[in-house]
Amino acid sequence: MTGDKPLGIVLIEMCILVILGPLVTGIIQKIKARLQNRQGAGILQPYFDLIKLLGKGTVQADTASGFFRSIPVLVLATTVAAGALVPVVQSGPPAFPLGDALMLLGLLALARFLTAVGALDAGGAFGGMGASREMTIAPLVEPVLMMVVFSTALAVGSTELGILAEQRGTSWILAWRAADFLGLAAMLVLLPAETGRIPVDNPDTHLELTMLHEGMLLEHSGPGLGCMLLASHTRQIVTLGLAAALFFPIGPVGAGVTGLLLGLCTFALKILVLAVYLALIESSYAKLRLFQVPQYLGIGFVLALMSLALRIL
Amino acid sequence: MSVCFFLGALSSLLAWWSVRLSLITGHLAALAGAMAGLSVSLGILLGNSANKLSLPLPSFFPFARQSLVVDGLSAYFLLVISIVAIAATVYGPAYLQAHSPEAGPARRATQVLALNVFLACMVLLCCAGDALTFILCWEGMTLSSYALVVSDDQDGENARAGLLYMIMTHAGTAMLLVSFLALTERAGAFDFASIRMAANGLDGTTRSVLFFLALVGFATKAGVVPLHVWLPRAHPAAPSHVSALMSGVMLKVAIYGILRFGFDLLAPVAEPLPPAWGWTVLILGTSSAVLGVLYALQQHDLKRLLAFHSVENIGIILIGVGLAMILWRREDAGGSLATLALTAALLHTVNHAAFKGLLFLGAGSVLCRTHVRNMEELGGLARHMPWTAGLFLLGAVAISALPPLNGFVSEWLTFQAILGGASRFHGPSGLAIVFSAAMLALTGGLAAACFVKAFGVTFLGRPRTSHAEHAIEAPLSMLLGMGWLAALCVFLGVAPGFAMTLLDAPTIGLLHSLGASAIVTAHGPLVLSTALATPGGISGTTISMTMLAILIAALLPLAWMLRRGLRTAPQRVAPTWTCGMVPTARFDYTATAFAKPLRRIFAAIYRPRREVIRETAGTPYVIRRMQYTGDVVDLAETQIYHRIHYGITAISQAIRDHSTGRIHVYIGFVLGALFLSLLLFGGGQR
Amino acid sequence: MAETLLWVIPLVPVVTALLMLTTSNRKLLSTIDVSSSAILAALTLLLAHEVGASGPRSLGMFRVDDLGIIFLLLLVVLTLAVSIYTVAWLKQAVEVGNMKVESLRFYFALVHAFVATIVVTILADNLGILWIAMEGTTITSAVLIGYHGHHHGLEAAWKYIIVTTIGISFGLFGTVIIYAAAAQVMGDASSMSWIAMMQVAPKLDPGIVRIGFIFVMVGYGTKAGLAPMHLWLPDAHSQAPTPISALLSGILIKCALLAIIRFQMIAAAACGVDFPQQILIVFGLASIIVAMPFILAQHDLKRLLGYSSVEHVGIIALGLGFGGAVGTYGALLHVVNHGITKAIAFMAAGTAIARFDSRNLQAIKGLLAVAPIGATLLMIAFLSLAGVPPFSIFVSELMILRAGIGQGNWVSVAIFLTMAVIIFAGLLHHAGSMVFGEPPKTASRESETRSPLIAMLLLATLMILLGLTIPTMFDGFFQRATEVVLG
Amino acid sequence: MNIEIVHAVIDDLGALLLFTMILIVGASQISRAIYAVAFQSLFIAIAGAVLAMATGNVDLWVIAGITLTVKAIALPWLLLWAIRRMDVKREVEPVIPDLATLTLAVMFVVMSFHLSASLGSVRQAISGNALPVGIALTLNGVLVMATRKTALSQMVGLFASENGIFFTAMAVTKGMPLIIEIGVILDVILAALVMTIMVLRVRSTVDADIADLDRLRG
């Protein structure tokens with residue numbers, strides 16, 4: 001199934017994702033602030049934070065082993081590599097195959113795995129707690145996500161995001177069947193969990209009771225923390241990109257620069273929509289207790305299952 | 001090859017005058033045997049897929065003609081065995097010396113002898129060309145592994161574990177025996193060829209009955225839920241390199257048996273297998289995968305945890321096998337799904353052998369340096385034994401099915417096969433298949449959680465006890481053993497395409513259709529691809545592990561530059577932030593605590609038991625001491641086995657108590673027997 | 001040559017028995033004992049060779065065919081091993097005081113008289129002689145069982161002699177009836193010779209033979225320890241001195257089976273093959289089932305072995321019941337395998353009991369720590385009894401199973417397998433608890449004496465050898481014996 | 001004399017034997033049971049003599065003589081001596097009620113007759129109703145052993161059942177080989193001696209009846 005999408009474009013897309021990642025966070029924060037009638041920081045704030053952090057020195061926990069130092073590197077690398085699998089400006093499979101949706105999920109899981117390991121390394125209670133909670137939620141999210149992917153993939157017979165996006169591109173939203181809507185609903189339920197936002201996680205707090213992902217970053221500092229943050233920004237946009245590729249049609253793929261730019265704009269648009277959605281959810285819901293999260297994900301599970309059922313039966 | 005094992009067995013006798021020597025020679029002989037096996041199997045697998053190696057054995061028993069036949073399937077499992085055997089034999093001597101230096105010559109001799117017999121039996125079992133050899137090796141394998149389990153140390157725990165192991169596998173073997181003998185009696189001979197001939201004449205029900213009998217037998221050995229209860233006891237009890245063999249290889253031998261029976265001996269000539277077979281295997285596999293990992297999550301004994309993961313992985317393999325059984329000869333012409341599923345199963349077989357072997361060896365290194373298996377007493381080992389820690393982490397990533405390592409590849413193939421199967425079967429059956437995919441994903445996630453716990457609690461943080469503090473790095477030979485398997489994990493992960501040619505012979509041999517490499521690596525060895533026939537024409541998925549690995553490799557230096565920071569800044573080392581208190585090992589998150597949330601979420605399955613004992617100082621508000629104990633029960637164990645066990649023992653106890661010693665009763669019985677049999681049989685033929 | 005052997009072989013133990021009475025020196029007695037057993041073995045091998053070369057021989061009331069040779073070989077092997085074992089066992093027994101030095105001669109004399117009667121039982125062609133010798137074994141072994149003289153022994157001996165005498169008086173009755181039927185056909189040339197009866201067997205009146213065979217089955221079945229006539233067996237085998245236990249379980253009950261086989265052949269010829277087979281299967285299954293609970297919930301090591309003998313006799317009967325070439329072959333093979341294995345088991349158990357000074361299974365622990373070789377042998381014996389390869393019993397059980405499945409007798413096969421698995425669990429549980437664990441302080445730590453080990457290793461090598469392969473010579477005997485049985 | 005008369009005589013003697021058997025089963029004192037056995041043996045000897053006359057078979061004379069001396073005289077005397085020797089209570093202690101024992105006895109008799117009636121050609125093989133009587137005697141003898149507590153009455157039962165066998169053996173038309181008969185009798189004597197020794201031994205060591213011991217069980 002090798003397509004005609006040149007490898008260069010793939011790399012460009014990857015870079016675009018990495019660069020746009022913090023912006024999305026900034027936008028979401030801005031919208032939240034607005035909804036809370038605050039001025040809020042500028043949407044470029046995440047970039048400033050990153051640069052500041054990269055300039056700082058590091059404080060390393062005395063109990064941390066040699067792994068700790070390299071954790072941010074690995075996490076960042078794997079997350080960015082995941083970025084290379086998301087079609088951004090142009091759909092269709094790349095000229096030389098790289099990976100599919102399963103690979104994408106796998107890479108994200110790897111990043112999570114390493115983050116959790118790093119959290120345990122410092123030997124503090126918070127790190128362990130964060131890791132424990134993160135690894136409790138993740139296994140529950142993954143199967144549902146897998147089913148959502150499958151319910152789309154079944155229509156096409158492939159799990160390769162490029163092909164999926166292509167199919168979507170040809171079929172306009174009017175051509176959707178019930179299964180697609182249900183799948184989208186499930187995806188929307190999952191997005192906050194996967195991007196670590198309310199109602200599953202709360203990125204803005206460092207309260208012991210509420211933090212999952214942040215808890216794992218506590219011991220990182222300076223450039224290390226910077227890398228981790230960049231990774232989580234990238235992770236967020238990659239997840240949104242996945243949702244987009246699965247459900248939103250990429251505009252008509254024109255050849256040449258115009259087509260690519262067009263694709264870029266449509267992509268940005270879709271991401272923006274999803275970002276707004278996230279912001280709305282975050283500011284209109286409260287964070288759930290940890291042991292209510294399974295019920296919440298259960299909704300997603302049921303939706304995904306129904307969409308699969310409709311797809312197959 | 002078997003000669004080498006035989007020599008190894010002999011060399012165990014050396015133990016009477018030099019323990020060390022016998023250890024070395026015994027393991028060297030085994031190593032040579034493994035090498036020989038490797039070469040033989042590679043010779044078969046890389047040659048054209050049709051050729052077989054067969055040599056008749058001298059007839060030990062007048063009633064059976066025994067022979068060895070190595071076809072593709074045998075060769076493939078021979079390969080798996082040899083791979084792990086090499087690592088184990090390299091690892092073994094140093095481990096035994098370090099773990100139990102006090103052991104006398106008798107114990108050493110037993111261990112060396114049993115190890116060689118164990119390997120030899122497994123090898124010959126896979127190469128068996130007739131039922132008798134198969135059964136003899138099967139039992140020999142059980143017996144020698146039992147010897148290894150009980151020989152590890154003399155406390156009663158191992159003996160009990162071994163007992164349970166023997167009883168369950170023996171019960172399984174009985175089923176297997178019936179199934180085999182029913183075939184041989186039909187065939188009038190023991191060799192597989194004539195059994196095949198005889199099986200052609202079977203009617204559907206008999207065929208299925210025989211298959212399920214055999215399936216029970218093999219499933220017991222493979223530790224499939226709910227027949228798994230012996231496994232998490234026996235495997236940890238064995239010496240670690242033997243645990244690696246048992247988990248990594250012995251279970252696979254059972255898989256070999258299932259494949260041999262399902263696709264070869266009992267398979268109908270031209271029509272597909274009865275649907276019940278495949279579905280049963282698929283369901284068994286799914287439940288084993290999920291339950292195995294769920295129980296593994298709650299274990300705090302490192303080796304026990306690994307043993308439960310073997311249950312999980314066997315489940316994953318069986319999912320592939322089941323799919324292959326369902327799909328075989330049911331898809332329209334040119335269909336490649338069955339091959340895909342089988343490839344996934346076989347590939348996962350070797351993958352699991354590699355990383356589970358690696359993990360058990362790693363656990364062994366920890367064990368022989370700390371003499372502690374309970375994770376709660378470990379911690380902070382990463383700084384004392386960095387190499388072991390690194391290799392263990394590699395294995396953990398691999399077993400959690402994370403790219404770019406080998407675990408991911410086989411699970412990816414399984415997922416693709418499931419996708420194909422789901423698009424092939426519409427209706428509830430398709431849904432069931434997809435559901436198994438969801439369960440597989442759940443399994444993967446839970447496995448990742450479990451190994452974050454296992455690795456983090458064991459190797460990271462602060463040492464919790466003095467055992468862990470004074471650990472030192474494992475000796476070189478042990479690291480070598482692990483390194484070999486780790487290299488395999490990486491190779492099979494980064495360039496799986498090259499391994500596919502090895503899978504051609506078994507897949508073609510079993511399914512009589514396209515080979516694995518023709519389907520999976522259609523676009524060259526660097527690319528894994530699948531082709532599914534969908535309503536919208538042929539479509540498929542292609543990934544390239546190699547490219548991805550290169551990409552990550554390229555990204556690492558960039559990320560590293562970022563990590564270094566924009567300008568050179570001071571680096572300080574400070575104690576972990578614990579709200580201002582002075583951190584001690586008690587601050588570290590324990591394994592129990594780590595797994596607690598999942599325990600609560602899956603409480604329905606775990607049936608957790610917790611009791612808290614409070615010692616209050618007079619008033620209930622001042623608590624002096626608190627003691628918490630909690631554990632989870634194995635449903636199968638409590639609900640099935642305990643009842644059977646108690647039932648039988650109670651009955652026999654009652655019978656025995658009511659028996660009398662009065663001679664009059666004795667005479668009465670004789671008289672009664674005579675009277676009754678005269679009444680029953682004596683009456684003339686009127 | 002062979003004819004002379006036929007009367008020399010029974011004579012050897014008789015002479016030895018008389019010789020024994022002349023001295024009371026323990027060492028001398030043991031020497032005579034071992035040497036005479038060796039001579040017996042040598043002569044038997046010679047006879048076996050003769051018969052193997054040129055068919056069955058008969059001399060007056062004695063006759064030997066391949067069937068007899070198998071039992072005879074088993075007997076001499078066991079006798080030899082037991083004699084070797086006795087050397088050190090007796091020493092220990094005398095030291096402890098179980099045996100009085102002055103009465104040793106009678107002990108040895110009785111043992112050899114016992115052996116003599118067994119030999120006659122095996123070689124007898126005349127069914128009357130067969131019965132007389134059988135009763136002779138009962139009397140001699142009864143005295144030996146009660147030899148220690150404490151009232152447990154006497155109780156066991158009494159139960160043994162009473163019950164088995166009743167049993168074989170039934171046997172005699174059956175013999176008489178069948179003889180009557182035969183005599184009527186034979187006319188004036190009537191004799192109780194088995195071979196003569198076999199010639200006229202097809203013409204016998206089935207009704208009478210039927211009743212006769214039932215009497216014989218129950219009668220000799222009692223002696224063989226088939227359920228439900230088995231109750232005396234655990235008492236006797238557990239109370240007897242260890243070497244006697246080995247002989248009782250090893251060969252004596254098999255001789256009763258030999259008698260049953262002989263009559264089964266007559267009955268099969270007279271009233272069809274199915275009739276005796278039915279009865280054999282019923283009794284066999286009964287024995288296997290009955291043995292199960294008592295093995296599981298057993299506290300006494302030697303009783304445990306006794307019940308396992310009941311089970312295995314049941315298995316042999318089952319094999320004969322399944323019949324056919326495979327089943328009969330398996331049954332005969334099982335006779336030999338079980339004889340050897342059970343002898344090892346009793347010997348190993350005897351040493352263990354002496355070491356811990358208790359027969360209670362709870363009291364014996366950690367044998368491996370105090371006596372590694374003995375513990376290993378015990379473990380091997382138990383594993384073999386449980387039917388695990390590469391030990392010999394597995395092979396014969398495999399063949400019996402084959403026969404059953406070949407016959408399509410699924411019910412029996414199912415019962416057999418279930419019980420086998422449960423009993424396996426029980427045996428292994430007991431063995432494990434004895435061999436592993438921490439030995440109690442009271443256990444004697446002294447090093448293992450040689451002669452018992454030699455005896456046991458001799459048998460163990462034989463057992464494992466037969467488990468790995470069946471030599472052509474043996475196979476020949478078994479093949480021909482099977483033909484003899486199947487007629 | 002011709003065969004019918006022989007059959008008639010055998011049948012009458014069989015009736016007598018059964019009568020003595022019932023006596024043994026119902027006997028309330030050991031000594032009476034012993035006398036009954038003695039008479040039983042006597043009748044058997046007579047039967048032997050009759051058959052000898054009828055068939056002119058010399059062996060049968062010998063056997064009759066031996067039976068008379070051994071079973072009708074020697075063994076009863078041995079038992080009586082043993083009783084005197086260890087002065088046991090003369091009453092037999094039944095394990096189950098006498099009535100039940102008697103019912104069982106009758107049942108056995110009926111069954112044995114029914115059984116041999118079901119066979120066509122018995123009378124050619126075994127003259128008269130010797131077979132049913134023999135079976136009945138044997139079973140009832142064992143029944144006595146199963147229902148009597150004391151060792152001596154068990155021995156009595158044993159002899160009774162032996163008698164049954166003997167009766168049948170004699171009545172076999174062609175007669176048993178002499179040597180066998182003698183061997184059998186010798187065995188019986190030996191067994192009796194060994195049993196007596198054991199009984200006395202137990203009586204002397206632990207003051208109990210050997211048939212009453214039931215320590216070995218399960």
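**Figure 1. Burial within chain A.** Of the 313 residues in chain A, 65% count as buried. The model shown is predicted. Among chain A contacts between residues at least 6 apart in sequence, 82% link residues at least 24 apart.

**Figure 2. Fold and dimensions of chain A.** Eleven helices and one strand make up the secondary structure of chain A. Read from the N terminus, the order of elements is α-α-β-α-α-α-α-α-α-α-α-α. The radius of gyration of chain A is 19 Å, close to the 20 Å given by the globule rule for 313 residues, so chain A is as compact as a globular protein of that length. The C-alpha trace of chain A spans about 55 × 40 × 40 Å along its principal axes.

**Figure 3. The side of chain B that touches chain A.** Here 79 residues of chain B are in contact with 79 residues of chain A. Helix H17 of chain B, residues 428–459, supplies the largest share of the chain B side, with 15 residues. By class, the chain B side holds 49 nonpolar residues, 22 polar residues and eight charged residues.

Technical notes:
Residues are numbered from 1 along each chain as its sequence is written. Chains are lettered from A and ligands numbered from 1 in the order in which they are written. This is a predicted model: local features need pLDDT of at least 70, side-chain atom pairs count only at pLDDT 80 or more; totals for chains, interfaces and linings use all residues. Two residues are in contact if their C-beta atoms, placed from the backbone, lie within 7 Å. Helices (H or I, at least four residues) and strands (E, at least two) are DSSP runs, numbered from the N terminus. Ala, Val, Leu, Ile, Met, Phe, Trp, Tyr, Cys and Pro count as nonpolar, Asp, Glu, Lys and Arg as charged, and the others, Gly among them, as polar. The radius of gyration is taken over C-alpha atoms; the globule rule is 2.2 Å times the number of residues to the power 0.38. A residue is buried if 20 or more other C-beta atoms lie within 10 Å of its own, exposed if 12 or fewer, and partly exposed in between; C-beta atoms are placed from the backbone.
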